[in-house]
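Here is a short tour of one protein model. Keep the sequence and the 3D view open as you read.

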Amino acid sequence: MKRNFKRTLAKVMAVALTVALAGTAAPEADAAKKAKAPKLSAKSVTIVKGKSKKVTIKNVKAKQVKKLAVSTSNKKIATVKKKGKTAVNVTGKKAGNAKVTVKVTVKGKKKATKLVLKVKVKNATPPKTSSAPLNTPAVTPAVPTATPPALGTPVPTPTATATQKPRKTRTPEPNWEVMNVKNIQVGGEGAEELTLFDVKDGTAHLIYNKDNPDKLACYGHVYTYFDVVLPEGATVRDLHSVKFAFQGIAGDLGHKKIHLIAANTKAQETDPDALPNEIDYKSDDGTFVNATDVSDSGYAYSFDGPTGDTPVEDEILIDPDKLGLVGGIENNTIRFCLYINLDGTQGTENSEYKLGNIRVLTSENVTVTEGQQKPGDTIDKTASVQPNILAELDRATIQTGQEINASAIVRNASIVGAVKEARWSVGTGTSDILSITPNTEDKTKATIKALKAGVETVSLEIVTEKDKTAVFTTHVTVTDTKPVIEDKVLTLTADNKVTIPKDTPINKGSGKIDISELIKDVNLADYENITLFGSVTYNGEALEAGQTLTLQLVNSDNSSTGLVTVFDITSSGLAATEEGGGKSIISATSSLQTVVSGSTMLKLLFQNAAELTEGDLEVTIDKVVLNAKKDAAEEPAE
């Protein structure tokens, strides 16, 4: 009995010890597991507009990271970029709140860890104003006089003291010296592709032809610049600001900015940061690689659309600390550039603007001079530009008795002039299939009525205000019964892949998929939009947020011309993997015919809009569907 009791007691103690050990080990195991899980160094950050903060990924080393993807819920509030494999850099754009999502995949694990960072962006705190009564002179404590830095010498950021006045309170005074810029130059590798560059009385007039999308101001290929020479003994702190007048006339003028950048005048062969050359501009975060943005606020003027007949006046305060970072300065000459972020292809018109009345303000008794002795050489290709017109139709297939509207659309109107005369006709002048009635108030519009079944041509001849002519012809099909247009499916089995290789710079890689032959007998006026079926992979894996691919529609033999519209693939389903490929609908603002300028060609042009550092970007299009205007057919008129 006693022996059995001892055995039983031993067993009970052993079980209790096991349970106690297990109870101790479990929390330790959980803690170890939690310690190994990646996490951000902060759950939330507050950033001043225009400033950046670095957030690191803890509990993981760079060599352990297989993949890192970052995205932001609102690019207008905050942007995010990867800094290696274990950190991100968040930049505040404007006041508001956003969320940054970080997905980190550790080697040996299939699923990515999703981390969320709350971001609050606030405006910079304005400097406090003095409460002293007006006309009461302020007493400034004596401070040691420092020797200003020479040009090209980095200027350290001063340590704030109670006696220092913030630089942004340095307001212009009546005795600022002013130099008027008369000789504006044009630079960048795409400068010769401009349709027009002309400088008269200190005002530069520029037109970007929308048929040259590879030579855009948006990517630093085209920009204006001027030289400023400081006298001996002057320093960067003697330069106060640059004033100018801007007039946006036509084209893609929405949500654009003007930057003031500076560089040196050396030859590019000896210094890659010299201007003129191609400015390396990062459109995703608005930064410059081989030039220095010297504005104290990041950019001067943000415009949204045409500015009208009256130029808009603005001023950029120069940050001397930033200007002091410009290296390679020779002969006290700084090359300034008013960089206008424009895209010459996003609108239906060419991008056109004027920039003039440029004034450089300097300290009292410091007179700067203009470095250029004459305006840049004029580029004028307007004489060779012809009208590009089409007749936009409600539909190309209609029923007897039905009426449709027709409108003349003129491309290059800013160059060739608006429509002065428009002559509509059907057939050879008369027709028993169609009748056409021009609009008495607007010569660019007409009404077409179906008289009987058949196929008939519709012609439009226009004469512009600059006496240039063009003719457009299309055809309309009339049926006795209500027409039903089916979606047209274009199956691609060859030449349907695009590969943009690893390390291709942003916006540089491109590839073309041509479907022109598949639609050569199709009247695009019967179709509303396009649906693409396919897939996109980056480094062998499905495209994710933050890995942006740009899709563009083109409509000419040269894949670099005729750019019509741009789509962010990551906002569609094309990047998703489904049976038969992902899907992306490309909608038009009006008819698809308008989008492709009435052309019988249609090509898909792809570009990467993110740095390809980890692998190739591959696009495969298996099928293209032209979606018919199924709601356009109406019952015949009584």
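Strand 1 and strand 3 (residues 52-58) are antiparallel partners, joined by two bridges. K39 has K58 in strand 3 as its bridge partner. The model is predicted.

Strands of a sheet pair through backbone hydrogen bonds.

## A buried strand

How many of the six residues of strand 41 (residues 603-608) are buried? Six of the six are buried, so strand 41 is largely enclosed by the rest of the structure. K603, L605 and Q607 point one way. L604, F606 and N608 point the other way. In a regular strand the side chains alternate between the two faces of the sheet.

Strand 41 runs antiparallel to strand 35 (residues 510-514), and five bridges join the two. G511 stands opposite F606 in strand 41.

## Aromatic rings

The structure holds four aromatic pairs. One of them is formed by Y223 and Y225. Y223 has 1% relative accessibility and counts as buried. Y225 is buried too, at 7%.

Elsewhere, a charged residue meets a ring. K623 lies over the face of F533, at 4.3 Å from the ring centre.

## Salt bridges

The structure holds 13 salt bridges. One of them joins the side chains of D198 and K200, at 3.8 Å from N to O. K200 is exposed, at 58%.

R237 and D321 form a salt bridge of 2.8 Å, N to O. This pair links distant parts of the chain, 84 residues apart. R237 lies in the loop between strand 13 (223-229) and strand 14 (239-250), while D321 lies in helix 2 (residues 320-323). R237 is partly exposed at 34% relative accessibility, whereas D321 is buried at 16%.

E313 and R359 form a salt bridge, with their closest N and O atoms 2.8 Å apart. E313 is in strand 20 (residues 312-317) and R359 is in strand 22 (residues 351-362), 46 residues apart. E313 is partly exposed at 47%, and R359 is buried at 15%. Salt bridges with shared partners also join K66, K67 and E541 into one network.

Conventions:
Residues are numbered from 1 along each chain as its sequence is written. This is a predicted model: local features need pLDDT of at least 70, side-chain atom pairs count only at pLDDT 80 or more; totals for chains, interfaces and linings use all residues. Side-chain values use heavy atoms; hydrogens and water are left out. Two strands pair if DSSP finds at least two bridges between them. Helices (H or I, at least four residues) and strands (E, at least two) are DSSP runs, numbered from the N terminus. Rings of Phe, Tyr and Trp (its six-membered ring) pair if their centres lie within 6.5 Å; planes under 30 degrees apart count as stacked, over 60 as edge-to-face and the rest as tilted. Buried means under 20% relative accessible area, exposed over 50%, partly exposed in between (1.4 Å probe, protein chains only). A charge sits over a ring if NZ of Lys or CZ of Arg is within 6 Å of the ring centre and within 35 degrees of the ring normal. A salt bridge is a side-chain nitrogen of Lys or Arg within 4 Å of a carboxyl oxygen of Asp or Glu.
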